[in-house]
Amino acid sequence: MKKILPILALLAVGTSCTTLDETPKSFVSEEQFFQTQADAVAAVNAIYYCLNYSGQTPYNVLFSTGMDMMSDDVQPGPGATNADVRSQAILSHSSTGLRIYQIWQQHYTAINRANIAVDRIPSVAFDETLKKRLILEAKFLRGLFYFNLVRLYGDVPLVLHQTKSLNPEDIYVARTSTDEVYKQIVSDLTEAEGLPTSYSATDVGRATAGAAKSLLAKVYLTRSDWDNAAKKAEEVINGPYGYDLFANYADVFNVATKNGKEHIFSAQFKGNTNSHGNSQALREAPTGITGVNGNYAEQPGNGVYQLFSGKDKRRDVTFITSITSPTTGKTTVIDPHFHKYWDNSVPGNLTESSANVPILRFSDVLLMHAEALNEKSGPTTDAYKSYNRVRVRAGLDALSGLSKEQFRDSVYLDRRKELVFEYSRWFDLIRTKRMVSALQKIGKTNASEKHYLYPIPQYEIDNNPKMKQNPGW
Amino acid sequence: MLKSSQMRKKMKERIRYLLLLSAVFLTAAAGAQTKLNGKVIDSRTRLPIAYASISLKGSTNGSVTKEDGSFEIVTYKALPATLIVQNVGYERREVEVRELPVTIELTETSQALQEVVVIGYGTQKKSDITGSISTLPAQALKQPISSFDRALQGVVAGVQVTSVAGQPGAAVSIRIRGGNSINGSNEPLYVIDGFPVYNSNSDADAGVTTGPNINALSTLNPADIESIDILKDASATAIYGSRGANGVVIITTKKGKAGQHSFTYDGYYGVQDVVRTIPLLNAQQWALLKNDARLDSGKQPAFTQTQIDSLGQPGVGTDWQRAAFRTAPIQSHNLSFTGGDDKTRFAVSGNYFKQDGVLANTDFERYSFRINMDRTFTSKFKLGTNLTGSKTKAQVAPAGVVGNLLQMPPTVPLYDATGSYTLRSIYDTPLGNPIATLNRQLNETVSYRGFGNAYGEYQLAEGLTARISAGIDALVTKQNRYLPSTLYEGASYNGLGSIGTKFAIGWLNENTLSYRKSLGANHQLDAVVGYTQQTSTTENTVASASNFVTDAFQHNNLGAGTTLQTPSSNAFSWALQSFLGRVNYTFRNKYHFTVSARADGSSRLGKNHKWGYFPSAAFSWNVNREEFIKALPQISNLKFRVSAGVTGNQEITPYSSLAQESYYSYIIGNTLVAGYAPSGVANPDLKWESTSQYDAGIDLGLLKNRISITLDAYYKVTRDLLLNVPLPYTTGYSSALQNFGKAENKGIELSLNTVNFEGKFNWTSAFVFSANRNKVLSLGPGVTSIISDPSLARVGEALGSFYVYKTNGIFQLTDDVASLPRLSAKDKAGSQRYVDVNGDGTITQANDRVIVGNAQPKFIVGLTNTFNYKNFDLTFLFQGQYGNKVYNVNKANLELGTGYIGASTTMLDRWTPTNPSNTIHRAIEEPAIVISDRFIEDGSYLRLKNISLGYSLPSSLTSLLKVKQVRFYVSGQNLATWTNYTGYDPEVSSNGQSSLTPGVDNAVYPNSKTVLGGLTVTF
């Protein structure tokens, strides 16, 4: 046995050489997190990330392929090779559609992150003013994401706390009525009115009080609560925020003037920075032009270009009809392609466009103001005032003397032209109940009442026994 | 080890004997002597056999052969004389000698029942084995292969090998008795000279290059391998516990043998060609298709009649496949030097292997060396080491390039007017010029691997041996990629350079005590206990830059790029601690019992379940050693085996049980800001996936083992699957890794070996057959299926089921399309029609997809025939599988008929009002693939995998040349394949080793066929 002893000793030595405890080096585990002010800021930044990170995300292509392509503004180009996208674009989709579930999934991912911030930031000790601001930013974003969800899917599960366990009772949540969801949205956004009116240069891009009010105006408008819609829009227009229209419509999409006076809340992009470029531009751009890497996946809907008169300054900002190769200098005349979000400093790599996508901008608020006032009490002076600011900036004549109906139709048309390809068209069509008629008009004869709501993703129905499908799907 | 000490004793005896004999001969020198001289060689390898004993029948005269196999016996007898020749491991022979010198061939003991099989933590006589273990036939390793795992194809029952791509050096996918896991890996564990290596190809992937992964096992030289044993049932694999569930492949490298110094050169050179190309439309045919598609959209034709006529001229248009494929050389050169004396044995080898790919500018190259050495210091103490180092370098075909060369329209010229490569397709789909991509894009992986272990063995008491070993496996990979500005892919970056490194460094310490004891004639005991620990750390860094003024630097001066890309790095490690034990007990040499157990502690699992326990038990009965069987002399061997046991699978990413705060950045203040959020929910209860396996087998030898059969049946059920269980998205997550679900595999395996002819003409056959049936039994609460297009995992079905639309012909002019179920509101006459499975009048993904087959074969077979006649040897291997389906994505693309991309010749039969085809739809500008049964093809095939003809110089010549052996050979691989599959090759997997979505052929680098000639010289 003496001889065995050294062996056993060696075994014992060996035992201490490895450990089964895991201490990750290139990431932190959740337990190690939420200790400091920086952690809290980072937790809120991670919610913003969900707006537009690279790939197909709500304010970076997904609302085009998964929403506006169904409308009369956008259609899939030759570069759109996804069968689900193409079928959704002609309303032949079903509950398994890829974009149908991506929109759902990405919104709930964002909502969970907002819930984490709202749940956990209060217990971290740091500056109370900043703490309050961060929680309100999270609530603003939660409101925005729920607002998108409830408009697209109708009743949705209202989850307001972080998912911490995998127990069935915690993860299976039934749908909450649309009214209840809107109540929560209004509550979150009303609180968010307490956000700062503006930020110093280092924090530009975060949600502001003006953004909360503008979004509330849109919520009320969607709910046909004209009074409150007009009120909130007015607070934005007359409030201490300094919002105004750019004199030049092109500046709305100009990289140099982003986060300017007209921008209330935008999805922030920056090229060549850790995949934070706006890839919408690549998809609008034509193929076959040397030095421009387009893949022509999005093309304007039939007749959209023709809506614009020659003197409408928005036309040649929104579309491009001839293009000069940056390498050969050769100019080619092309069919109208969308031109918003192009960053001419990177024509060869348009995925790295630094152009922001506006989520809320001042002309939108002016048009909402005009629409709400008109619905409430006809075309008032204030309604004309707001509306004509948008028209005149576009190079069009100021209007007057319209009937309520004429005023409404005119605002609708200008909303479409002003906001084309800004992920607004589908929301406007369903909000104003004009979706079926508008789509029938362009040959999507299969458009029907059921299309006012998306189908609930089949995946969600398969994996949540409490989930029920929308009517007609 | 016992074996070698026995050999040593024998050798000493022999030497003594030799001296004695010499003395006798000298004293007898007076009479009329005959000198009987000659040589003894191995009938198969033609190598000389040293130390074989020769005796003259009817006398006491005898001798032993020298190192070169020669012998001499001096006798007073006249010819003819009869010599008796014997050697361990060979059949005893009596040879009548009529003329001199004589060459005597010995054949290895036919079924090699005395063979020793390497099992986990020890060896065992083949006749005593209780589990299901297969040994790779020696000739399988002689195929020209870049990595040894490819040698398993078609020669071992129960092992399915799929070459996932034809890229030289690319990974293979191996399934032993089917796949157990859905999300975890199903690749076997490799144990190389005692060092367990989990072959994760990601270890050799720094994340910079695109295209198929390089096989991490290709860093090892196949020529260094002496033997490969495959452990299949739980009795054999349970000693590897948590890593045994997918089977274990034990590799033993060549060791030196005492007294047999030999120096061998083995080399071959050959050429390879692509197995087949896909017939595509030529320029004129494609132009007509393009015009049809545009017409369908109401657009003007793209080509005028004059242009179409001129496209029909010979030599007009580009055959992209022809431009890309080439005849490519393959070569290997191997030098080895082995030998030793009774105290020290060594084997030293060096290898150079280079395989150029059949696609332009792709290759794989390896330099390697090996030193295996052991020394006996005292009768009780022994030290040894196995050490290998290698460098491999591969230029990989970039991802998508095969797709581009199929999809690039034939009307696009290879070169533009200035003589440079055409940048890209001028049509609506932006495809880069694939020939430029192949030739200009740098996409290389360079790996260095140092792999070695050292051990000391000490005999503590009679039969009790302690062994301590320590080993290190250092795999260092550097990847380089550069997209020059002249390439379409690089133009948008104005040159993009990336470099990545990956260090995967692991070490292992094993400490075992083994005990062997015979208690009287009736009881044999063989036991081992041990403690082992293994750990590995992987570190990865990636840096890239773009916007270069010049392409001259490639990846070598990233600082010169004016746009810096975000660098990245990460690190992870894992550890495993294990206790193991096994007892083999044999009663009366007939009844064998094995009990083994292993306890594994793994860092990868949840903190509440770090440790798992894996027991097994087995019994076998050598019926042929029973008295009653001796009445049946035809039966030379009969053994029954049964076993049961539990093994595990832990192949998940480290830290999977933790809730990781992942990095999600955003732009605030026009500057990047950091964000963090959990990317999953923590699961402290995460534990092993465990597989219970039951096996029953028979080994039967007939007619002196000229016919030998091994038949096994098994049933495996895997519980607590490490499954990414889908979560409702409302949780904020899409799935969580949980122990949910259950899957089963059951099957039979047959090996049949026959000696058809014996004597001057030798003919042996080896046939293997295996059939495995896989079924998902459960996917967790409430989950009935997991869809990952085009495949589906569904309870009650096999993994890898294709879940797609069923086509129903083409809509014709006579159909009232609007009233029929259709997929798209745009469908009209000439559109593809689908089956409305649920009869609701519409075609939807949710309701109208069905399972139309499975990527798993119903059975796989292999047949090897070996012939020896005089100095010629011929062997050929047929290998195939039956009943599997392949999703042909290439076909789906090439039959879109958009006029945006190239098209296959099947589009010539497209629907037109005057050609009412019911199989091919009309030309239409609809670029989205709809996955349907049209593209799910039969992937059954039978292939002449290898054929090899060798000629060894006769010994009369070799002795003149003073060499032991010279063999010339020619061989061919993949020379013929019989299949109905219309793609490049049915042996394919775009998704690599994936179990969820196997059998997808999406622009995979096609396999090649090879013809080569080689030479082996042994001095």
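## Hairpin in chain A

Two strands are taken to pair if DSSP finds at least two bridges between them. In this predicted model, strand 5 (residues 319-324) and strand 6 (residues 331-338) of chain A meet that condition, since five bridges join them, and they run antiparallel. One bridge in strand 6 of chain A sets A:Phe338 as the partner of A:Phe319.

Six residues separate strand 5 and strand 6 of chain A, and the two strands form a hairpin. Within this hairpin A:Gly329 takes a positive phi near 75 degrees.

## Annotated spans of chain A

UniProt, in an unreviewed entry, lists "domain: RagB/SusD" at residues 330-473 of chain A. In the model, residues 330-473 of chain A are 45% helix and 9% strand. The end C-alpha atoms of that span are 50 Å apart.

The feature "domain: SusD-like N-terminal", also from an unreviewed UniProt entry, is placed at residues 38-221 of chain A. Here the model has 58% helix and 2% strand.

## Contact between chain A and chain B

The contact between the chains takes 80 residues from chain A and 79 residues from chain B. On the side of chain B that touches chain A, strand 27 (residues 568-587) of chain B gives the most, with six residues. By class, this side of chain B has 43 nonpolar, 30 polar and six charged residues.

Strand pairing also crosses from one chain to the other. Strand 1 (residues 28-29) of chain A is joined by two bridges to strand 31 (residues 660-663) of chain B, and the two run antiparallel. A:Val28 has B:Glu661, in strand 31 of chain B, as its bridge partner.

A:Glu22 is in the loop between helix 1 (4-15) and strand 1 of chain A. Is A:Glu22 buried or exposed? A:Glu22 counts as buried because it has 21 C-beta neighbours inside 10 Å, and the cut-off for buried is 20 or more. Apart from neighbours within four places in sequence, A:Glu22 is in contact with B:Ser603, B:Pro654, B:Tyr655 and B:Leu658.

## Two open sheets in chain B

Strands of a sheet pair through backbone hydrogen bonds, either parallel or antiparallel. One open sheet of chain B has four strands in the order 3-2-5-6, with antiparallel pairing. Strand 3 (62-64) and strand 6 (93-97) of chain B are its edge strands, each pairing on one side only. Neighbouring strands of this sheet are turned by 25 degrees against each other on average, direction ignored. Three bridges hold the antiparallel pairing of strand 2 (residues 53-56) of chain B with strand 3 of chain B. Among the paired residues, B:Ile54 has B:Ser63 in strand 3 of chain B as its bridge partner.

Another open sheet of four strands in chain B has the order 41-42-43-46, and its pairing is antiparallel. Its edge strands, strand 41 (785-788) and strand 46 (849-854) of chain B, each pair on one side only. From one strand to the next, the twist averages 35 degrees.

## Strand 43 of chain B and its partners

Which strands pair with strand 43 (residues 801-805) of chain B? With strand 46 of chain B, strand 43 pairs in the antiparallel sense over four bridges, including the bridge from B:Tyr805 to B:Arg849 in strand 46. With strand 42 (residues 791-794) of chain B, strand 43 pairs in the antiparallel sense over two bridges. There B:Ser791 stands opposite B:Phe802 in strand 43 of chain B.

Strand 42 and strand 43 of chain B form a hairpin with six residues between them. B:Gly796, in the turn, has a positive phi of about 95 degrees. Strand 43 of chain B is mostly covered, with five of its five residues buried.

## Helix 3 of chain B

Helix 3 (residues 283-296) of chain B has 14 residues. From its first C-alpha to its last, helix 3 of chain B reaches 20 Å, close to the 20 Å expected at 1.5 Å a residue. Just after this helix, B:Gly298 takes a positive phi of about 75 degrees.

The buried residues of helix 3 of chain B include B:Trp286, B:Leu288, B:Leu289, B:Lys290 and B:Asn291. What do the buried residues of helix 3 of chain B pack against? Their packing partner is helix 4 (305-311) of chain B.

Terms used
Residues are numbered from 1 along each chain as its sequence is written. Chains are lettered from A and ligands numbered from 1 in the order in which they are written. This is a predicted model: local features need pLDDT of at least 70, side-chain atom pairs count only at pLDDT 80 or more; totals for chains, interfaces and linings use all residues. Axes are lines fitted to C-alpha atoms, for helices over the stretch in contact, and angles run from 0 to 180 degrees between N-to-C directions. A residue is buried if 20 or more other C-beta atoms lie within 10 Å of its own, exposed if 12 or fewer, and partly exposed in between; C-beta atoms are placed from the backbone. Two residues are in contact if their C-beta atoms, placed from the backbone, lie within 7 Å. Ala, Val, Leu, Ile, Met, Phe, Trp, Tyr, Cys and Pro count as nonpolar, Asp, Glu, Lys and Arg as charged, and the others, Gly among them, as polar. The expected span of a helix is 1.5 Å times one less than its number of residues. UniProt positions are given in the numbering used here, feature names are shortened, and annotations may be inferred rather than shown by experiment.
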